[in-house]
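Please walk through this fold with me, strand by strand and then helix by helix. The sequence and model come first.

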Amino acid sequence: MTMRTRTLGNTGPQVSALGLGCMGMSALYGGADRAEAVATVHAALEAGVTLLDTGDFYAMGHNEMLVGEALRTAPAARREQALVSVKFGALRDPEGNWTGYDGRPAAVKNFAAYSLQRLGVDHIDVYRIARLDPDVPIEETVGAIAELVEKGYVRHVGLSEVGAETVRRAAATAPIADLQIEYSLISRGVEREILPTTRELGIAVTAYGVLSRGLISGHFSRDRQLPANDFRAHSPRFQGDNLRHNLDLVDALRGIAERKGATVAQTAIAWVLSRGEDIVPLIGARTRERLGESLGALDVTLDAADLTAIEEAVPADAAAGDRYPAAQMAHLDSER
């Protein structure tokens, strides 16, 4: 496996072709092993992964501290190659409930101050609000991040889960490195308006959910029981008939993967990689085993016949169920 590189748009840094999404090491997918999580970050850095993605609200700061520990205990050369992307703005209460988003300039700078401390770094490489604050113009939020760039606390401005119009308004305010948004074989809404807009403006896409939270990983069984603290226990795509339908799609994909001598997960990740050099998939591995499998996608080459077969097996809009429960879908500017 040779780690290739891609560039985050016209204004962003060069990063590894695959990034590591660290959220699941702390929250939303049931219990996680901290020592294994840190070891997985170290293994990713050793393999040439440079982009680490986290959020200040992932287990209320736990994930940032975990990433900070991993960076602090990594070999110096590996630590120096790491680029950290941070999402902010999601509000939580002590019970872990979601209570809204805050994109006010003063809040942006407050969130950044705490993230820098938890991560143990002197700057954040890419900084972005997790969801659009409906009460604060995106120009004000992005402008505050741009001020942090001017002062050296942030290197690049990013966006997350916003629509094409918001992307244009943000880009008119400050240079935007990338838009982070869900993009996978069964989440392709970005292709309609958002991806053409980012390409027109020279903005990259960091794609999360490339395995749709494990749904299209090839490892999720029809009879799997999920604990209440696992996000998927409440996700529409993992419920009843929706789950059965979606796993039928995975079975169709499995046949193609087997013919390629690859796993389902590797094939799904390779498909996202094939969408363009401006797209950097984030792999959400929580263990070194899953990380190794995901990195194997770099050795999977999909030719035109493969892509046609995949399109026939898993057509656009074939998935049953929304990406998030209704209350969370309402906060997605990208879906409007």
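S8 and S9 are paired in parallel over 3 bridges. Two strands count as paired if DSSP finds at least two bridges between them. Helices (H or I, at least four residues) and strands (E, at least two) are DSSP runs, numbered from the N terminus. Within this pair, Val-126 stands opposite His-156 in S9. The chain crosses from S8 through H5 to S9, and this β-α-β crossover is right-handed. Right-handed here means that, with the strands pointing away from the viewer, the path from the first strand over the helix to the second runs clockwise.

This is a predicted model: local features need pLDDT of at least 70, side-chain atom pairs count only at pLDDT 80 or more, and totals for chains, interfaces and linings use all residues. Residues are numbered from 1 along each chain as its sequence is written, and side-chain values use heavy atoms, with hydrogens and water left out.

S9 also pairs with S10, in the parallel sense, over 4 bridges. There, Gly-158 stands opposite Asp-178 in S10. The chain crosses from S9 through H6 to S10, and this β-α-β crossover is right-handed. S9 itself is mostly covered: 6 of its 7 residues are buried. Buried means under 20% relative accessible area, exposed over 50%, and partly exposed in between (1.4 Å probe, protein chains only).

How do the 8 strands of the barrel follow one another? The order is S3-S4-S5-S8-S9-S10-S11-S12, and the pairing is parallel. Neighbouring strands of this sheet are turned by 30° against each other on average, direction ignored. S3 (residues 19-21) and S12 run parallel and are joined by 2 bridges. Gly-19 has Leu-282 as its bridge partner in S12.

Now turn to the helices. H5 (residues 138-150) lies across S5 (83-88), S8 (124-129), S9 (154-160) and S10, running at about 160° to S9. Axes are lines fitted to C-alpha atoms, for helices over the stretch in contact, and angles run from 0 to 180 degrees between N-to-C directions. Contact means heavy atoms within 4.5 Å.

In H6 we find Thr-166. Thr-166 is buried, at a relative accessible area of 5%. Beyond its neighbours within four places in sequence, Thr-166 touches Leu-132, Ile-138 and Asp-333.

H7 (residues 194-201) has Ile-194, Leu-195, Thr-197 and Thr-198 buried. Seen down the axis of H7, these buried residues fall within an arc of 160°, so they line one face of the helix. The arc is that of the directions from the helix axis to the C-beta atoms. The buried residues of H7 pack against H6 (164-171), S10 (176-182), S11 (204-208) and S12 (279-283). Just after H7, Gly-202 takes a positive phi of about 75°.

What lies inside? The largest nonpolar core has 93 residues, and Leu-20, Tyr-127 and Leu-159 have the most contacts inside it. H9 (residues 264-273) gives the most to this core, with 8 residues. A second, separate core of 14 residues includes Leu-83, Tyr-208, Tyr-324 and Met-329. A nonpolar core is a set of buried Ala, Val, Leu, Ile, Met, Phe, Trp, Tyr and Cys residues joined through side-chain atoms within 4.5 Å.

Finally, look at a loop. Phe-220 sits between S11 and H8 (240-260). Phe-220 is buried, with a relative accessible area of 8%. Leaving aside neighbours within four places in sequence, the contacts of Phe-220 include Leu-226, Phe-238 and Leu-247.
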